[in-house]
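My notes follow the order in which I checked them.

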Amino acid sequence: VGFTSTFDQNVASLSMAKLIKDLYPHVTIVFGGANFDGEMGLEHLRAFPWIDYVVVGEGEEVLLPLAEKILTNQEGPIPPGAASRQEGQVRFTPNTRLFSEFERMGPPDYQDYFDQVEALGAGPSRGLDRILLYEGSRGCWWGEKHHCTFCGLNAQAMLFRAKAPDQVSRELDSLSSQYNCQRFRFVDNIIDMKYIDQLFGRFAAEHVDFDVFIETKSNLGKAQIQTLAHGGVKSMQPGIESLSAVQLKEMDKGVTPIQNLQCLKWSAYYQIHVSWNILLGFPGETDEDYRRQIRIIPSILHFQPPESTGKFWLERFSPYFKWPEKYGLRITGPGLAYEYVYNPDVVDLTKIAYDFEYELDWRVEPGLYDELQQLVRDWQRRHASGDKPFLFYSKAMSYVTVYDGRGRGAPTHERFDGAAAFIIEFCNESPKSLEQISAGVRNVERGHTQDDAALERVLGGLLDKRLLYEERGRYFTLALPMNPNL
């Protein structure tokens with residue numbers, strides 16, 4: 001009997017395995033999954049005698065030969081990648097190969113699950129109630145080069161490997177047809193960028209009505225988000241973790257606040273639900289990092305709010321965990337919950353824990369931390385109420401009207417002519433520099449000159465009204481266009 005433990009299934013799985021072993025001592029118990037990667041798996045095997053084997057890491061090259069050995073009572077060593085107990089000691093030889101031959105794999109088989117649901121009388125899972133999990137890739141193409149400092153995902157398998165878009169298309173078609181399902185959740189930590197055009201672009205062209213969740217990176221342009229939306233992506237987690245340039249650099253995210261805002265804007269326009277957070281408490285933070293985000297939030301209340309705000313978790317396998325001294329961190333022990341769940345006299349908690357307690361020299365004014373959290377809570381409440389904030393602009397032939405419902409008072413509308421109207425439209429799709437804006441204004445005014453000082457006054461007025469966002473000399477329109485066909 002095999003158990004896969006990835007998130008919060010660990011205690012339930014250990015308990016079920018012990019019940020099986022107590023009733024049927026001859027049954028071999030095998031564990032694997034993310035909670036058993038690295039030394040975590042070896043410590044579980046040492047501490048819980050009813051576990052016979054643990055598969056550490058990926059299982060494709062390990063589990064089948066291990067099962068064959070068990071079922072045929074073969075003598076000799078177990079395959080690399082599986083840990084066993086010999087003469088009271090844990091024995092383990094790592095498997096150094098990462099699986100990448102995805103063409104050998106078919107789509108997952110969910111038939112027994114649906115058969116059991118129906119047999120148990122729990123009611124058939126039909127139509128919109130069905131959501132199937134699907135894996136298109138493993139590892140992280142960004143993390144291969146720049147491992148985000150707080151991220152413990154992918155464990156020891158960061159190397160990015162992906163199924164070909166054609167294989168993904170065939171398998172989703174097969175799963176959809178077999179299980180009468182159109183809703184899928186990709187379990188990839190980050191999708192292959194080829195999927196945007198070669199998979200979701202194909203779905204869009206064929207007018208496929210899938211409902212898909214993905215995880216990706218936030219540096220997506222308008223056209224890419226449009227393709228994802230038209231191809232069936234209804235929700236995504238783009239790794240937006242902050243609106244502070246300093247914090248994003250500390251995380252090694254490889255994006256800027258303006259890219260995060262661009263992702264939020266066009267996701268809102270194309271009606272893609274975005275799962276994101278504001279992470280705080282990083283080494284090297286200053287009061288200004290908090291003040292800047294506090295200043296930004298009133299301007300973007302019409303965007304979807306973050307799902308949570310708080311200090312980052314210190315996760316096993318992350319750079320913070322591997323090299324805490326480098327980042328000025330002090331790991332003080334496993335997460336506080338572990339000692340309430342596991343007996344520390346039996347299990348070495350530092351070896352099975354995935355998250356850890358830590359200390360660092362944090363010098364941010366606590367009042368700013370509280371103010372930022374309160375702003376986010378208010379933002380969340382506004383979106384959950386009948387007073388949902390909005391900011392739109394409507395373009396006529398020679399002017400633009402902005403409708404602003406971000407404030408607490410009555411909504412406003414304001415007409416903009418001339419250069420202001422041009423700038424609102426010109427900076428709508430992507431950020432533009434002053435030089436680009438100036439050249440654009442000269443072009444539409446057909447030779448009439450407007451000096452940079454006058455143009456900067458117009459830009460300053462739009463910034464004061466919080467219709468534009470500026471970052472490092474580039475300007476981006478925060479209002480969503482009312483035109484539904486962009």
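The entries below cover aromatic rings, then charges over rings, then an arginine, then strands.

**Ground rules.** I am working on a predicted model, where local features need pLDDT of at least 70, side-chain atom pairs count only at pLDDT 80 or more, and totals for chains, interfaces and linings use all residues. Residues are numbered from 1 along each chain as its sequence is written, and side-chain values use heavy atoms, with hydrogens and water left out.

**Aromatic pairs.** I searched the whole structure and got 29 aromatic pairs. Rings of Phe, Tyr and Trp (its six-membered ring) pair if their centres lie within 6.5 Å; planes under 30 degrees apart are stacked, over 60 edge-to-face, the rest tilted. I looked at Y113 and F114, which pair edge-to-face, with 5.1 Å between centres and 70° between planes. Y113 is partly exposed because its relative accessibility is 47%. F114 is buried, at 9%. For these words, buried means under 20% relative accessible area, exposed over 50%, partly exposed in between (1.4 Å probe, protein chains only).

How are the rings of F282 and Y320 arranged? Their planes meet at 50° and their centres are 6.4 Å apart, so I logged the pair as tilted. This pair links distant parts of the chain, 38 residues apart: F282 is in the loop between β13 (277-280) and α10 (287-296), Y320 in helix α11 (residues 319-322). Helices (H or I, at least four residues) and strands (E, at least two) are DSSP runs, numbered from the N terminus. Both F282 and Y320 are buried.

I also noted one aromatic cluster, formed by Y134, F184, F186, F200, F203 and F210.

**Charges over rings.** The test is NZ of Lys or CZ of Arg within 6 Å of the ring centre and within 35 degrees of the ring normal. K217 lies over the face of W142, 4.2 Å from the ring centre. K432 has its charged end over the ring of F426, 5.1 Å from the centre.

**R406.** I found R406 in the loop between β19 (399-404) and β20 (412-417). Buried or exposed? R406 is buried, at 2% relative accessible area. A polar atom of its side chain lies 2.7 Å from the backbone oxygen of R466.

**Strands.** Strands pair if DSSP finds at least two bridges between them. β3 (residues 53-55) and β4 (residues 82-86) are antiparallel over three bridges. Y53 has S84 in β4 as its bridge partner. Four bridges join β4 to β5 (residues 89-92), also antiparallel. There, R85 stands opposite V90 in β5. The β4 and β5 hairpin has two residues between the strands, and E87 takes a positive phi near 55°.

Key: Polar contact = N/O pair within 3.5 Å; in protein donor to acceptor, adjacent residues only side chain to side chain.
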